[in-house]
Amino acid sequence: NLSVIVALGKVAFDNCLKIYKKKFKINKKFVFKHGEKYLLPDNKTLIASYHPSPRNVNTKVITVKMINQLFRKAKKIAKFW
């Protein structure tokens, strides 16, 4: 019953879209931006996230607060379905 995909990093985001583009015709442009959500053709939601690597955390590209907010958003979307 998967309803939400959280892509941890741009590589994961791009590869998720690559898989979807093999199965579905996608004309919409997907832009990687932390916290941005996109509805996929099979009604799953894709949420982009900066990768929580030590480098990104130490340089404050992503913080614990940002990660918590992102997963709260994902949980709320998942409960909707």
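This is a predicted model: local features need pLDDT of at least 70, side-chain atom pairs count only at pLDDT 80 or more; totals for chains, interfaces and linings use all residues.

Colleague: Which residue forms a salt bridge with Lys-10?

Modeller: The partner of Lys-10 is Asp-14, and their closest N and O atoms are 2.8 Å apart. Both residues belong to helix H1 (residues 10-23), where they are four residues apart, about one turn of the helix.

Colleague: How accessible is Lys-10?

Modeller: Lys-10 is partly exposed, at a relative accessible area of 45%. Asp-14 is also partly exposed, at 34%.

Colleague: And what does Asp-42 pair with in a salt bridge?

Modeller: Asp-42 pairs with Lys-44, with 3.0 Å between the closest N and O atoms. Asp-42 is partly exposed, with a relative accessible area of 28%.

Colleague: Is Lys-44 buried or exposed?

Modeller: Lys-44 has a relative accessibility of 19%, so it counts as buried, the cut-off being under 20%.

Colleague: Let us change topic. How many residues of strand E3 are buried?

Modeller: Five of the five residues in E3 (residues 45-49) are buried. Thr-45, Ile-47 and Ser-49 point one way, while Leu-46 and Ala-48 point the other way. In a regular strand, side chains alternate between the two faces of the sheet.

Colleague: Which strands pair with E3?

Modeller: Strand E1 (residues 4-8) pairs with E3 in the parallel sense over five bridges, and Ala-7 has Ala-48 as its bridge partner. Strand E2 (residues 37-39) runs antiparallel to E3, joined by three bridges, with Leu-39 opposite Thr-45.

Colleague: What lies between E2 and E3?

Modeller: They form a hairpin with five residues between them, and Asn-43 in the turn has a positive phi of about 70°.

Terms used:
Residues are numbered from 1 along each chain as its sequence is written. Side-chain values use heavy atoms; hydrogens and water are left out. A salt bridge is a side-chain nitrogen of Lys or Arg within 4 Å of a carboxyl oxygen of Asp or Glu. Helices (H or I, at least four residues) and strands (E, at least two) are DSSP runs, numbered from the N terminus. Buried means under 20% relative accessible area, exposed over 50%, partly exposed in between (1.4 Å probe, protein chains only). Two strands pair if DSSP finds at least two bridges between them.
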